[in-house]
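Me: Let's check the labels on this model one by one. Set each value against its definition, please.

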Amino acid sequence: MLTRAEPEALLDYFQRHPPEGFAPFVCATGMPGFWTDFDLLTTADIETLALIQKIPGQRHMRRWLRWRTCFMGSTVSEFCPLPDAPAAALVDGMFAVWQRKSALLLVKDIPRNAPFLPAAANRLADQLVDACLAQGFFMVDGQALAWLPIDFADEDEYLSRLSASRRRDIRRKLRSRDQLRVDIIATGDPRFADPAFTAQLYAQYLEVYEQSAIHFDRLPAAYFRAALNDAALAGRVFLYYRDDALIGHNLCFIHDGMLVDKTIGFHYPAARQCNLYFVSWMENLAFARREGLRGYIAGWTDPAVKAALGARFTPTRHAVYARNPLLRALLRRIAGRFEPDSQWFEA
């Protein structure tokens with residue numbers, strides 16, 4: 001997969017242990033995908049959601065906005081995993097699976113000149129966009145992926161690039177480090193063979209998932225057990241203890257010279273009291289620096305916070321095809337209402 005930014009085994013585990021309501025598949029070209037019921041308002045902007053809230057009977061109307069959708073891609077990959085194949089063949093493979101069995105066909109998270117991907121991967125992504133447009137798809141801006149090059153000698157140099165007020169705020173938040181013990185263990189460690197321990201980590205993942213604004217792809221416990229017990233993944237689990245109590249963890253992977261942040265779990269309110277989000281960010285940067293890695297991929301959520309922490313962003317786009325031509329024309333006109341990250345960057 002040219003556009004893969006994580007170990008390929010994660011895609012295999014997604015196929016074997018998909019989120020509830022997901023039916024995964026693999027196209028003849030090798031491109032992965034899944035069927036699921038999709039709430040069209042999942043990524044709608046604030047104004048659109050506020051407008052919907054004012055409509056009488058909007059709760060019942062929301063049910064009509066959940067459509068069976070054929071997605072190309074995966075929710076455990078940073079970008080849509082594209083096999084090394086001609087773009088036209090990839091589109092043909094999508095249509096062969098879809099067969100107009102759902103209202104929407106959607107290719108998610110196509111990279112756009114991602115600086116840490118090979119040039120061939122970015123060329124294929126652009127060719128796929130052109131091939132999709134030629135077949136009647138329209139494009140919607142997706143979320144922007146946060147990342148940071150590891151081009152600083154130490155923590156002080158990293159902080160020196162932030163504003164004075166941000167440096168003061170982060171240093172204040174990092175005082176909680178004195179209360180914490182950080183253990184870093186590799187995937188495949190014997191500790192992950194303990195079902196009670198992996199269940200505790202999964203419960204922390206769910207705590208973060210439940211407080212998130214977007215509920216789309218709750219990964220099952222079996223997915224975590226498989227990934228945590230796979231030594232070949234080159235995964236690292238950062239464990240955060242306060243008074244010998246586990247209050248949070250972060251599952252990351254080393255791939256192609258990058259540290260890729262995949263999932264995080266917190267136990268509230270202790271994690272919030274210890275500013276664990278910011279502590280974990282700094283610990284990840286320190287680890288990547290010690291390991292001589294070239295960058296840190298920080299994921300999709302909380303772009304404003306990550307921007308304040310000095311992250312850079314690489315945009316993505318979704319290719320959307322609606323079975324009904326009238327619906328296709330309508331969605332094309334209102335596509336901007338489903339591009340919250342683009343609106344945030346423009347603001």
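Reply: Pairing first: two strands pair if DSSP finds at least two bridges between them. Strands are DSSP runs of E, at least two residues long, helices are runs of H or I of at least four, and both are numbered from the N terminus. The model is predicted: local features need pLDDT of at least 70, side-chain atom pairs need 80 or more, and totals for chains, interfaces and linings use all residues. Residues are numbered from 1 along each chain as its sequence is written, and side-chain values use heavy atoms, without hydrogens and water.

Me: What makes strand 3 and strand 4 a pair?
Reply: Strand 3 and strand 4 (residues 104–111) share four bridges, in the parallel sense. The cut-off is at least two. F71 stands opposite L106 in strand 4.

Me: What joins strand 2 to strand 3?
Reply: Seven bridges, with strand 2 (residues 32–39) running antiparallel to strand 3. T36 stands opposite T69 in strand 3.

Me: What makes strand 3 mostly covered?
Reply: Strand 3 (residues 66–72) has seven residues, and five of them are buried. Buried means under 20% relative accessible area, exposed means over 50%, and partly exposed is in between (1.4 Å probe, protein chains only).

Me: Which residues of strand 5 are on its covered face, and which on its uncovered one?
Reply: In strand 5 (residues 138–141), F138 and V140 are on the covered face. M139 and D141 are on the uncovered one. Strand 5 is joined to strand 13 (residues 316–322) by four bridges, running antiparallel. M139 has A319 as its bridge partner in strand 13.

Me: Why is Q204 called buried?
Reply: Its relative accessibility is 3%, so Q204 counts as buried. Q204 is found in helix 8. Beyond its neighbours within four places in sequence, Q204 is in contact (heavy atoms within 4.5 Å) with L246, I247, G248, H249, G265, F266 and H267.

Me: Why is R225 called partly exposed?
Reply: R225 has a relative accessible area of 43%, so it is partly exposed. R225 belongs to helix 9. R225 and F192 are 33 residues apart in sequence, yet 7.6 Å apart in space, C-alpha to C-alpha.

Me: At what angle do helix 8 and helix 9 pack?
Reply: Helix 8 (residues 195–211) and helix 9 (residues 221–228) pack at about 125°, with axes 10 Å apart. That angle makes helix 8 oblique to helix 9. Under 35 degrees is roughly parallel, over 145 roughly antiparallel, 65 to 115 roughly perpendicular, and the rest oblique. Axes are lines fitted to C-alpha atoms, for helices over the stretch in contact, and angles run from 0 to 180 degrees between N-to-C directions.

Me: Which residues meet where helix 8 packs on helix 9?
Reply: T198, L201, Y202 and Y205 in helix 8 meet A221, F224, R225 and L228 in helix 9. Six of the contact residues are nonpolar, one is polar and one is charged.

Me: Why do strand 7 and strand 12 count as edges?
Reply: The open sheet has seven strands in the order 7-8-9-10-11-6-12, with mixed pairing. Strand 7 (180–186) and strand 12 (312–314) each have a single partner strand, so one side of each lacks a neighbour in the sheet. The twist averages 30° from one strand to the next.

Me: What makes strand 8 and strand 9 a pair?
Reply: Eight bridges, in the antiparallel sense, between strand 8 (residues 235–242) and strand 9 (residues 245–255). R236 stands opposite C252 in strand 9.

Technical notes
Ala, Val, Leu, Ile, Met, Phe, Trp, Tyr, Cys and Pro count as nonpolar, Asp, Glu, Lys and Arg as charged, and the others, Gly among them, as polar.
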